[in-house]
Amino acid sequence: MEIEKNLKNITRRIPEHVALVAVSKTKPNSDIMEAYNAGQRVFGENYVQEMVEKHEQLPRDIRWHFIGHLQSNKVKYIAPFVCLIHGVDSLKLLKEIDKQAKRNDRVIKCLFQMHIAEEETKFGLSENELEDILNFLRNDDNEMANIKITGLMGMATFTDDEKQIKKEFQYLKSVFDKYKQLQASNLKLETLSMGMSGDYQLAIDCGSTMVRIGSSIFGTRKAPKAN
Ligand SMILES: *Cc1c(COP(=O)(O)O)cnc(C)c1O
């Protein structure tokens, strides 16, 4: 009941052009089914094994987004079904995704994760690193036919300082705008994934087109387990 109500509240607050990823990590299937029965189809997970298990147990029309840090050696487990991978931050990982997508006869959509927070711990590319990868995708005959880069993702610093968060979101939006004209057969930046439970309104004001919301839908989580 609570989940359905939360979901309705959030859906009412986000404009139609903004996609909602319901972040269900650590939550039981019964919670996901409550959101599913309320109409939600896109769910986000950040542990490979957990996402694989949930995919096997839950309805087939759920679109699973991988939002965590993905290790190259685990791509093979999610490649058969994953809908969008948010956290791509190296060419090595991208090449592995392409390889595994090809094995599954699929094209897997990916977002590049940008480092926008002040914290050292968060993953992501610098603008220079992004530029290098984009140039590789555009200039070389890169032959990666089984991936499609559809946008950028970022996580703001964990702080109450709205000004700081806004600055980081605006920066990510400016990077997105700068590179979105670039196109290649496997590159077209259309999605800007930013905003979580605490900051999604701000993210939308700053140009987000996809928000990833967990605790505001499903309630608070226990401490994260090791990956
Ligand atoms: C957990 C997580 C979220 C959702 O966080 P909430 O604060 O619970 O909304 C969003 N994005 C990523 C990458 C996450 O790991």
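A salt bridge here is a side-chain nitrogen of Lys or Arg within 4 Å of a carboxyl oxygen of Asp or Glu. By that criterion Lys173 pairs up with Asp177, their closest N and O atoms sitting 3.0 Å apart. The structure is a predicted model, so local features need pLDDT of at least 70 and side-chain atom pairs count only at pLDDT 80 or more, while totals for chains, interfaces and linings use all residues. Residues are numbered from 1 along each chain as its sequence is written, and side-chain values use heavy atoms, with hydrogens and water left out.

Back to that pair. Lys173 and Asp177 are 4 residues apart in helix 7 (residues 162–179), so about one helical turn separates them. Helices are DSSP runs of H or I with at least four residues, strands are runs of E with at least two, and both are numbered from the N terminus. As for exposure, buried means under 20% relative accessible area, exposed means over 50%, and partly exposed is anything in between (1.4 Å probe, protein chains only). Lys173 has 23% relative accessibility and therefore counts as partly exposed; Asp177, with a relative accessible area of 27%, is partly exposed too.

A search of the whole structure turns up 10 salt bridges. One of them joins the side chains of Glu4 and Lys8, with an N to O distance of 2.9 Å. Both residues belong to helix 1 (residues 2–13), where they lie 4 residues apart, about one turn of the helix. Glu4 is partly exposed at a relative accessible area of 29%, and Lys8 gets the label partly exposed because its relative accessibility is 46%. Lys188 and Glu190 also meet through their side chains, at 3.1 Å from N to O. Here Lys188 is partly exposed with a relative accessible area of 31%, and Glu190 is partly exposed with 48%. Elsewhere, salt bridges link Glu45, Glu50 and Lys54 into a network.

Lys27 tells another story. This lysine sits in the loop between strand 1 (19–23) and helix 2 (29–37). Lys27 is buried but has no salt bridge, and the nearest side chain of opposite charge, that of Asp31, is 5.0 Å away. For charge, Lys and Arg count as positive and Asp and Glu as negative, with His and the chain ends not counted. What does the side chain of Lys27 have at 2.9 Å from one of its polar atoms? That spot goes to the backbone oxygen of Thr220. Not counting residues up to four places away in sequence, Lys27 touches Ile32, Glu50, Lys54, Phe218, Gly219, Thr220 and Arg221.

The ligand has 13 residues around it, the closest being Lys25, Ser197, Gly214, Ser215 and Arg221; a residue counts as near when one of its heavy atoms lies within 4 Å. A backbone N or O atom of Gly214 lies 2.8 Å from an oxygen atom of the ligand. A polar side-chain atom of Arg212 is 2.8 Å from a ligand nitrogen, and a polar backbone atom of Ser215 is 2.8 Å from a ligand oxygen. Taken alone the ligand exposes 390 Å², of which the protein buries 91%. These areas come from the Shrake-Rupley method with a 1.4 Å probe, and for residues only the protein chains shown count as cover.

Two backbone angles deserve a mention. Thr26 has phi near 70 degrees, a positive value in a residue other than glycine. Thr26 lies in the loop between strand 1 and helix 2, and is partly exposed with a relative accessible area of 37%. Asp105, likewise not a glycine, has a positive phi of about 55 degrees. Asp105 is in the loop between helix 5 (91–103) and strand 5 (108–114) and, at 69% relative accessibility, counts as exposed.

Finally, Leu130 is found in helix 6 (residues 127–139). Leu130 is buried, with a relative accessible area of 0%. Setting aside neighbours within four places in sequence, Leu130 is in contact with Phe112, Met114, Leu125, Leu152, Val175 and Tyr179. The C-alpha atoms of Leu130 and Ile14 are separated by 29 Å, the two residues being 116 residues apart along the chain.

Key. A polar contact is a pair of N or O atoms within 3.5 Å; within protein, one must be able to donate a hydrogen and the other to accept it, and residues adjacent in sequence count only if both atoms are side-chain atoms. Contact means heavy atoms within 4.5 Å.
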